[in-house]
Structure formats: C-alpha cells, structure tokens
Amino acid sequence: MIPASFQYLRASTVDEALTLLASHGDDAKVLAGGHSLLPLMKLRLAAPEYLVDIGPLDELRYVRLEGDEVVIGALSRYSALVQDPVLLEHAPLLAHVSGEVGDRQVRHRGTIGGSLVHADSAADLPAAVLASDAVLVARGPSGERRIPAAEFFLGPFTTPLEPAELLTEIRLPAQTGQGWGFEKFTRRAIDWAMVGVTVVGGRVGLVNMGGVPLRATATEEALAAGASIDDAAALAAEGTNPPDEPHATAEYRRHLARVLTRRALAQASR
C-alpha cells in the first residue's frame, strides 16, 4: 500500500503545468483531487516518475453561462457543482449527479475533470456529460482542441488526451427547462453503481453497461419515434456489453438498465 518513489512537482499556472507535462511526457501523471490516481499508485498499478499537482489552479475552477452554453472549469469540485446557481438553473442533471458521487469527503476533494479523464465506465459523471451532449476542451503544446463527449471515452480508462495535454473545461448546451432524471443501483450507499442511468433532453446515458459510458441509442430512437416510456425503456440494454460478475451478472445488469431507464424517463417527464 506504499507507492513507488516519485518526484512531486507543483504547478502554479496552467502554462507551467503544460510545460512540466511536455518535459516529462509519459513519465508524468497529473494529480487533481487524487481519488483515482493515488489508490492506483498505492497498489503499484500506476508508478509515475513525476507527479504534477494541478490542485492549486483556481483558474480552472469556475461555472458560467456563455450564450446558450454552460461552461465548467475542469478543476471544479463536486461540492461546488452541487450548489452552483448556474448549474441548478441551466444544467440541473449535472448538479444533481455531482451530489451523488461518493461521500462528503470525496465530494469536497474530487473534481469533475479528474473523473472524466479517469474514464471509468462505472462512474456517474461520464454518463452525465455524455447524456448532456457535452464537449470537452483540452490544451496542450499545439494549442486547444475540442472533443465531443461521444468521442472522448475510447476504452476502459482510456481517452484521446496526449501525455502533454490537460483537460481544461467542459462545455454543454444549456438545459434550461428540460426534463431530466438520474437513477442508480448500488450495493451500499457510496459504492460504484452496478448500473446507472442519466436522462436529459431525450438523451439517455448508461453507467457500467460496457467498457465505456454509453448512450442508450435504441431507447433514444424509440422516444423520438413516439414510443411510450415503457416501450422505450425496454430497449435500454440493446447494444451493451455489461460486466459479468458474481455479485451482478450481465443479465441482471441488463434488467437493471431497463428498470432504471424507465424510472429516469418517468422523472424527466414530470
């Protein structure tokens, strides 16, 4: 439970962080809230030679409305997102899901950007930004690029970010007045979801139903064609590949996906 030795580097600006990452390449890892990386380091599943701490970078902590888009700094903590007035009015799904992550301690340290870059399909936030049709903004030596959420999660714990790039912000269309819903099933209150469902604006995101967060496209297409909530929810597991484990078989997870999708869609329709 003791990490391998590493050199700790504390960045004071985004530009300095990018310089450090460019200097050390694959030998460096970024530390934000630490809830994903540090456990891996203690288990020796990750052993970076350099740890670049971007936690102090307040310039990446913000939420604002820009035209018809909600813009969120990548280092915004869950505890701030839960009560942010811009999110509560224009992106309430994201505010609510942020309040369902882990426990109070996790929410006061964990960051939205850290969760997205970790790219764990069992996490709640990736499915929420996927259903929100978000775009993720990365900065690196070549400048800035925008990556649609649908193209950001390439595989388990894998994203298109280069070693010298940072995720700096998340942009999503304002959801003002749109119905939304969120359901998840866990063994214990703070566990990873066996299955979760996020719904907003007719889009449905699935948690832990494959190697990456997924959209329930069959359900979305059925809803767009005028299907009832029950009929659309019955299609939620189509095209998924959930893990098959002793405590939750793949078939059980498919059943949960259908049930939770029906409940989340009912929430969104109120």
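Tutor: What follows starts with the sheet and then widens to the chain. The model is predicted: local features need pLDDT of at least 70, side-chain atom pairs count only at pLDDT 80 or more, and totals for chains, interfaces and linings use all residues. Residues are numbered from 1 along each chain as its sequence is written, and side-chain values use heavy atoms, with hydrogens and water left out.

Start with the strand order. Three strands form an open sheet, ordered β1-β3-β2, and the pairing is parallel. The edges belong to β1 (7-10) and β2 (28-31). Each has a single partner strand, so one side of each lacks a neighbour in the sheet. On average, neighbouring strands here are turned by 25° against each other, direction ignored.

Some terms first. Strands (E, at least two residues) and helices (H or I, at least four) are DSSP runs, numbered from the N terminus. Two strands pair if DSSP finds at least two bridges between them. Axes are lines fitted to C-alpha atoms, for helices over the stretch in contact, and angles run from 0 to 180 degrees between N-to-C directions. Contact means heavy atoms within 4.5 Å.

Now look at β1 and β3. β3 covers residues 50-53, and four bridges join it to β1. The two strands run parallel. L9 has V52 of β3 as its bridge partner.

Next, the helix. α1 (residues 14-24) lies across β1, β2 and β3. Its direction is at about 165° to β3.

UniProt, in an unreviewed entry, places "domain: FAD-binding PCMH-type" at residues 1-177. UniProt positions use the numbering used here, feature names are shortened, and annotations may be inferred rather than shown by experiment. The end C-alpha atoms of residues 1-177 are 47 Å apart. That span is 34% helix and 23% strand.

Finally, the chain. It has 12 helices and 12 strands. Its radius of gyration is 18 Å, close to the 18 Å from the globule rule for 270 residues, so the chain is as compact as a globular protein of that length. The radius is taken over C-alpha atoms, and the rule is 2.2 Å times the number of residues to the power 0.38. The C-alpha atoms fill a box of roughly 55 × 45 × 35 Å along the principal axes. Among contacts between residues at least 6 apart in sequence, 62% join residues at least 24 apart.
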